[in-house]
Amino acid sequence: MGREAHANKDGGVPREGQGQGRHVPVMLQRCLDLLAPALERPGAVVVDCTLGLGGHSEALLSRFPEARLVALDRDKEALRLSEERLAPFGDRATLVHAVYDELPDVLDRLGLTSVQGVLFDLGVSSMQLDEADRGFAYAQDAPLDMRMDQTTGIGAAEVLNTYPPGELVRILRAYGEEKQAKRIVSAVVREREKEPFTNSARLVELIRDSLPQAAKRTGGNPAKRTFQALRIEVNGELTVLERAVPAAVKALAVEGRIAVLAYHSLEDRLVKQVLAAGAATTAPPGLPVVPERYQPRLKLLTRGAELPTEEEIAQNRRAAPARLRGAQRIREDAE
Ligand SMILES: C[S@@+](CC[C@H](N)C(=O)[O-])C[C@H]1O[C@@H](n2cnc3c(N)ncnc32)[C@H](O)[C@@H]1O
């Protein structure tokens with residue numbers, strides 16, 4: 001297997017519970033079908049921007065035997081586990097430790113000027129959620145970290161302990177759509193002055209105690225929105241995605257296809273906007289004939305967002321919030 005910018009230090013045997021068998025790739029068949037017309041040809045290159053445990057990647061390599069895969073992840077543990085899984089495909093798979101907005105540089109380094117397919121399966125992986133000590137899950141007590149790449153950046157505890165209150169309120173509102181942001185942040189600021197936060201259980205308890213009864217009755221675990229907000233902030237998720245989807249569209253060859261699985265409305269809105277903008281004309285209004293350079297670059301392949309079936313959700317509850325959007329590149333960029 002081709003390898004770039006990532007050294008496997010410890011041999012990479014999946015730990016119990018994290019191996020191939022457990023993780024079910026979300027909307028797998030539909031993702032493969034969406035990308036198929038672009039990948040069923042010799043020399044096709046497909047980029048999996050979110051390798052994770054390699055479920056989608058493995059299926060792409062199996063279903064499209066003439067295609068080569070470039071797969072990115074910012075989480076070295078994910079790369080380590082997937083390297084084993086994809087080893088049978090030899091040098092058809094190149095795994096790269098990178099944040100997905102670095103896609104243009106990665107392709108450059110690999111000498112690829114364009115690709116035929118791109119897949120994003122956004123958010124956190126099952127492995128990240130299941131590993132308690134990564135601190136993503138509010139259901140178990142763990143250090144408040146939430147970094148997808150543990151080699152860089154600051155963790156959730158530092159955000160909570162050091163950000164000005166106004167900034168925390170903004171984050172909870174914008175990234176968690178949390179209506180009780182002010183109330184939660186007041187409680188956090190009061191508590192952090194007594195003792196800095198280190199673990200998730202104290203935060204979960206504080207959120208529960210600070211919310212009015214009515215707010216606790218709806219929307220599942222009351223800590224869910226705060227955890228989502230902290231995770232998005234810690235990993236700069238939306239900022240990175242905002243750059244990455246246009247970069248992926250730009251990297252597509254004509255007839256190339258992109259598929260994106262989003263898991264919350266903020267991600268999905270952003271994806272929808274980028275794809276819709278690519279599928280619209282950029283001509284000033286009122287032109288009698290739209291010149292070639294203003295014609296859309298994309299054709300949408302999904303009507304709105306496609307959702308997982310009830311059957312899939314019954315088998316894999318983590319698929320429940322998924323929204324899939326796809327598009328096909330139909331022309332080059334205007335000069
Ligand atoms: C939902 S999982 C992907 C699961 C994968 N499709 C599978 O079948 O195993 C998302 C993965 O994307 C990675 N990821 C999230 N944001 C990223 C980013 N900005 N750059 C690179 N990788 C990212 C996470 O570390 C995680 O491993």
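This note goes through the overall build of the predicted model and then through several of its residues.

1. Basis of the note. The model is predicted, so that local features need pLDDT of at least 70 and side-chain atom pairs count only at pLDDT 80 or more, while totals for chains, interfaces and linings use all residues. Residues are numbered from 1 along each chain as its sequence is written, and side-chain values use heavy atoms, with hydrogens and water left out.

2. Secondary structure and overall dimensions. The protein has 14 helices and eight strands, where helices (H or I, at least four residues) and strands (E, at least two) are DSSP runs numbered from the N terminus. Its radius of gyration is 21 Å, close to the 20 Å that the globule rule gives for 335 residues, so the protein is as compact as a globular protein of that length; the radius is taken over C-alpha atoms, and the rule is 2.2 Å times the number of residues to the power 0.38. Along the principal axes, the C-alpha atoms fill a box of roughly 60 × 60 × 40 Å.

3. Among contacts (heavy atoms within 4.5 Å) with a separation of 6 or more, 72% are between residues 24 or more positions apart.

4. Charges. The protein carries 46 positive and 48 negative charges, whose mean positions are 6 Å apart. Lys and Arg count as positive and Asp and Glu as negative, while His and the chain ends are not counted; the place of a charge is NZ of Lys, CZ of Arg, CG of Asp or CD of Glu.

5. Domains. The protein is divided into domain 1 (16–127 + 237–329) and domain 2 (132–235), with bounds that come from an automatic or database domain assignment. Taken over C-alpha atoms, the centres of domain 1 and domain 2 are separated by 29 Å, and the contact takes 16 residues from domain 1 and twelve residues from domain 2.

6. Ala-259. This residue belongs to strand β6 (residues 252–262) and is buried, with a relative accessible area of 0%. Not counting residues up to four places away in sequence, Ala-259 touches Leu-34, Leu-35, Val-118, Leu-119, Phe-120, Leu-324, Arg-325 and Gly-326. Leu-160, by comparison, is 99 residues from Ala-259 in sequence and 34 Å away in space, C-alpha to C-alpha.

7. Two methionines with positive phi. Met-27, in the loop between β1 (2–4) and α1 (28–39), has a positive phi of about 45° although it is not a glycine, and Met-27 is buried at a relative accessible area of 5%. Met-146, in the loop between α5 (126–130) and α6 (156–162), has a positive phi of about 70°, although it is not a glycine either, and counts as buried at 0% relative accessibility.

8. Leu-230. Helix α11 (residues 224–234) holds Leu-230, which is buried, with a relative accessible area of 0%. Apart from residues up to four places away in sequence, Leu-230 touches Met-146, Ala-156, Val-159, Leu-160 and Leu-203. Leu-230 and Ala-157 are 73 residues apart in sequence, and their C-alpha atoms are 9.1 Å apart in space.

9. Arg-147. The loop between α5 and α6 is also the place of Arg-147, which is buried, with a relative accessible area of 17%. Leaving aside neighbours within four places in sequence, Arg-147 is in contact with Arg-134, Phe-136, Thr-152, Gly-153, Ile-154, Gly-155, Val-234 and Asn-235. Between Arg-147 and Arg-183 there are 26 Å in space, C-alpha to C-alpha, for a separation of 36 residues in sequence.

10. Ser-125. This residue is in the loop between β5 (115–121) and α5 and is buried, with a relative accessible area of 12%. Ser-125 and Leu-51 are 74 residues apart in sequence, with 9.2 Å between them in space, C-alpha to C-alpha.

Definitions and conventions:
Buried < 20%, exposed > 50% of the residue type's maximum accessible area, 1.4 Å probe, protein only.
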